[in-house]
Amino acid sequence: MNPALQGLMTIAVGVGGCLAYFYFSNLVLDRFIFPARGAQAGRNINRANMVRPWLFVFPAFFFLLLYLGYPVFETLRLSLTDRALGGAFVGFANYEQMMNEPKFWEAMRNNMLWLIVVPAASTAFGLLAAQLTDRIGWGNIAKSLIFMPMAISFVGASVIFKLIYEARPVDAAQIGVMNAVWLNFEGGIWSFIFLRVFPAILCGAFAVIAAYVGYLAARPLWEDRPGPREGVMMKGARAFLGLFGLWLAWVSVRGVWGVLTASLPYGEPINWLTLPFYNNFLLMVILIWIQTGFAMVILSAALRGIPEETIEAAIIDGAKPLQLFFQIKVPQIMGTIVVVWTTITLVVLKIFDIVFAMTNGQWETQVLANYMYDKLFRANDWGVGSASAIVIMALVTPILVWNVHNARKEMR
Amino acid sequence: MADPGILGSTLPAADAVRERLSGPHGPRPKRALSGTNIMLYGTLLIVAMYYLLPLYVMLVTSVKGMPEIRLGNVFSPPMEITFQPWVKAWAEACTGINCDGLSRGFWNSVRILIPSVILSIAIASVNGYALSMWKFRGSELFFTILILGAFIPYQVMLYPIVIMLREAGLYGSLTGLVLVHVVFGMPINTLLFRNYFAAIPSELFKAARVDGAGFWGIYFRIVMPMSLPIFVVALIIQVTGIWNDFLFGVTYISSPERYPMTVQLNNIVNSVQGVKEYNVNMAATLLTGLVPLVIYFASGRLFVRGIAAGAVKG
């Protein structure tokens with residue numbers, strides 16, 4: 001059969017089926033089950049009205065349960081069985097096996113790296129872009145260009161960045177953007193500025209931000225503030241965040257030192273994607289490139305929503321631009337920043353396409369979602385694969401619960 | 001210099017005269033090259049390079065010939081523009097044994113896209129309407145399930161759905177993939193529609209009721225015409241989401257004949273045989289991104305809204 005015709009048939013059958021279901025089930029309810037006539041007309045109308053919503057929601061409900069509810073439990077069950085033994089129950093053997101694989105821990109480590117870097121960088125760049133583009137005349141054009149990567153698929157973005165990281169043999173002309181730029185550095189003053197000072201500043205800025213965020217999170221622990229008292233859980237989370245920020249700051253300060261002293265192989269092309277550990281960051285750059293537009297758009301709307309009076313008052317009180325930004329604007333849009341951050345975190349935890357298309361987890365770039373795909377569809381090991389899916393689920397759950405809580409609050 | 005104060009008595013001419021007499025006034029003009037401005041433009045330049053360079057390189061490379069690319073000069077504009085790479089990416093590039101380029105993937109994607117978008121929007125809008133119209137026992141539960149469904153990572157359901165599709169005889173077929181897209185797009189879209197419909201004043205519904213409109217009458221004559229923006233937003237979410245999807249395509253389609261465009265793009269780029277043709281790869285990327293990009297430039301603000309609303313899904 002002609003494929004176009006086939007598509008049309010699918011649509012016709014699908015939409016027609018749905019409409020027919022809605023229409024006829026409604027009809028049956030009104031005419032035959034609870035007819036609005038006879039002795040019990042009033043009671044029947046009430047009953048029909050009680051049942052009707054379920055009639056309409058039922059197909060969605062059914063498919064959601066079938067396709068979303070059941071698979072979650074099935075994955076949980078599969079993670080406790082072994083395919084090689086014909087699906088026999090093996091308890092936590094799969095998890096044990098997974099824990100003993102270095103590749104799994106590599107994936108965990110990389111996921112944590114992604115989790116720290118990508119949401120932070122995307123949100124920070126998004127905030128920066130939102131603030132800067134609001135101040136210039138052609139800001140809207142800049143905005144629409146920065147947002148454009150959101151329209152390109154992750155795979156498409158990966159293909160572009162493959163070209164950027166491309167390396168060719170020493171004697172051939174370099175095609176990859178990174179290597180073309182890299183070969184211009186010979187170790188002179190500009191190399192010093194661009195490859196040492198600049199990254200060092202970036203790293204140092206990250207250290208400051210991490211320490212500051214940690215400080216902000218932990219501050220209520222020793223400050224007395226009006227408001228409801230916080231539980232032990234909340235206090236623990238604050239203490240953890242504070243310590244974590246401190247640790248991150250320490251790591252990045254060490255990174256500054258490392259950048260300043262590392263010996264760089266000037267003059268020869270580098271195979272960027274095979275540099276262990278650092279290639280993770282090169283992959284993260286792709287996701288940051290994509291997600292900044294999203295962060296920018298949401299944060300820009302939030303920035304516009306800040307009441308003018310607060311800004312005017314601050315200016316009259318003599319606030320400098322930086323003070324104005326960090327002490328007046330940022331605190332007022334903190335809620336939005338958190339939402340953007342968590343949304344990007346959700347994306348990051350499930351990151352798959354980019355790693356799959358760029359390195360497929362080679363050279364120490366494995367992440368959980370790709371590890372799972374490897375196990376399920378290449379090694380055909382549903383036990384360990386499902387176990388890693390459950391790990392992803394467990395990592396997502398805190399944000400999930402928080403999101404559900406918020407969404408329900410919003411919709412009341 | 002005369003004191004401008006005494007001129008205050010001759011009011012009509014005062015402003016003009018004062019301007020002459022008191023010299024420059026008003027806020028001090030800003031210097032074009034102040035420290036803040038240098039920092040502002042410097043940062044903007046770096047940010048712009050990071051975001052635009054990849055797009056620029058993609059575009060430029062896709063219209064260069066291979067000999068020109070081999071010379072290096074990544075950033076230079078093409079010496080002569082050739083659309084050969086585009087033609088090759090569309091009709092000749094090889095994946096495995098098939099050498100008919102992206103066109104196959106494009107038509108597959110279209111055949112996946114159209115039914116799944118229409119179906120999911122039809123179902124989701126009716127559900128959202130039903131949810132917003134009635135508050136019934138159990139609607140809270142349904143609601144929570146919807147929100148959970150919108151947020152749960154797809155990875156958790158990936159494999160059991162393979163089993164289910166296989167048992168239904170749909171594994172590897174486009175119909176199976178359409179079904180998956182419809183179901184997974186439903187939670188977020190239903191929530192969107194429900195929120196939008198809930199904001200419609202209930203008096204309108206009551207008035208329509210009094211005028212004799214039933215459930216469907218209200219839906220088609222009151223709700224739908226009023227809610228065009230949300231339909232467009234849902235359309236954008238679904239079209240870009242489904243078009244750019246990779247995970248489902250690579251998981252639920254078993255034969256290269258039926259791969260959607262994104263999967264085929266990945267296969268073309270990663271195929272190991274022969275020389276790497278960068279220009280064909282870039283042209284293929286552009287071709288793959290064409291549908292969402294066209295929608296983006298055509299719909300502007302609504303696109304941004306759609307992406308922002310759809311960003312939360314699993």
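Residues are numbered from 1 along each chain as its sequence is written, and chains are lettered from A and ligands numbered from 1 in the order in which they are written.

The model scores an ipTM of 0.78 and a pTM of 0.80. Helices are DSSP runs of H or I with at least four residues, strands are runs of E with at least two, and both are numbered from the N terminus. Within chain B, the lowest mean confidence, 54, falls in helix H1 (residues 11–21), and the highest, 87, in helix H12 (residues 247–252). Over residues 1–11 of chain B, pLDDT stays under 50. For that stretch the model has nine contacts beyond four places in sequence, a contact being a pair of residues whose C-beta atoms, placed from the backbone, lie within 7 Å. Where pLDDT is low, the predicted coordinates should not be read in detail.

Chain B contains 15 helices and zero strands. Of its 314 residues, 43% are buried. A residue is classed as buried if 20 or more other C-beta atoms lie within 10 Å of its own, as exposed if 12 or fewer do, and as partly exposed in between, with C-beta atoms placed from the backbone. Among contacts in chain B between residues at least 6 apart in sequence, 73% join residues at least 24 apart.

At the interface, 78 residues of chain A are in contact with 78 residues of chain B. On the side of chain A that touches chain B, helix H2 (residues 41–78) of chain A gives the most, with 16 residues. By class, this side of chain A comprises 61 nonpolar, twelve polar and five charged residues. In this classification Ala, Val, Leu, Ile, Met, Phe, Trp, Tyr, Cys and Pro count as nonpolar, Asp, Glu, Lys and Arg as charged, and the others, Gly among them, as polar.

Helix H11 (residues 228–244) of chain B has 17 residues and reaches 24 Å from its first C-alpha to its last, close to the 24 Å expected at 1.5 Å a residue; the expected span is 1.5 Å times one less than the number of residues. Buried residues of H11(B) include B:Ile230, B:Val233, B:Ile237 and B:Trp243. Helix H6 (residues 154–165) of chain A, with twelve residues, reaches 16 Å, close to the 16 Å expected. H6(A) is mostly covered, as twelve of its twelve residues are buried; among them are A:Phe154, A:Lys162 and A:Tyr165.

In chain B, the axes of helix H13 (residues 261–270) and helix H14 (residues 278–299) come within 10 Å and cross at roughly 175 degrees. Axes are lines fitted to C-alpha atoms, for helices over the stretch in contact, and angles run from 0 to 180 degrees between N-to-C directions. H13(B) and H14(B) are therefore roughly antiparallel to each other, the class for angles over 145 degrees. B:Met261, B:Thr262, B:Leu265, B:Ile268 and B:Val269 of H13(B) make the contact with B:Asn281, B:Ala284, B:Thr285 and B:Thr288 of H14(B). The residues of this contact divide into five nonpolar, four polar and no charged.

A:Ser386 is found in helix H16 (residues 382–411) of chain A and counts as buried because 27 C-beta neighbours lie inside 10 Å. Not counting residues up to four places away in sequence, A:Ser386 touches A:Thr75, A:Leu78, A:Ser79 and B:Tyr159. A:Ser386 and A:Leu78 are 308 residues apart along the chain, yet their C-alpha atoms are separated by 6.2 Å. In chain B, B:Val87 lies in helix H4 (residues 84–91) and counts as partly exposed, with 14 C-beta neighbours inside 10 Å.

A:Trp363 is placed in the loop between helix H14 (353–358) and helix H15 (368–378) of chain A. A:Trp363 has a positive phi of about 50 degrees although it is not a glycine, and A:Glu364, likewise not a glycine, has a positive phi of about 60 degrees. A:Trp363 is partly exposed, with 16 other C-beta atoms within 10 Å; A:Glu364 is partly exposed, with 19.

Technical notes
Predicted model: local features only at pLDDT ≥ 70, side-chain atom pairs only at ≥ 80, totals over all residues. Contact = placed C-beta atoms within 7 Å. pLDDT = per-residue confidence, 0-100. Parallel < 35°, antiparallel > 145°, perpendicular 65-115°, else oblique.
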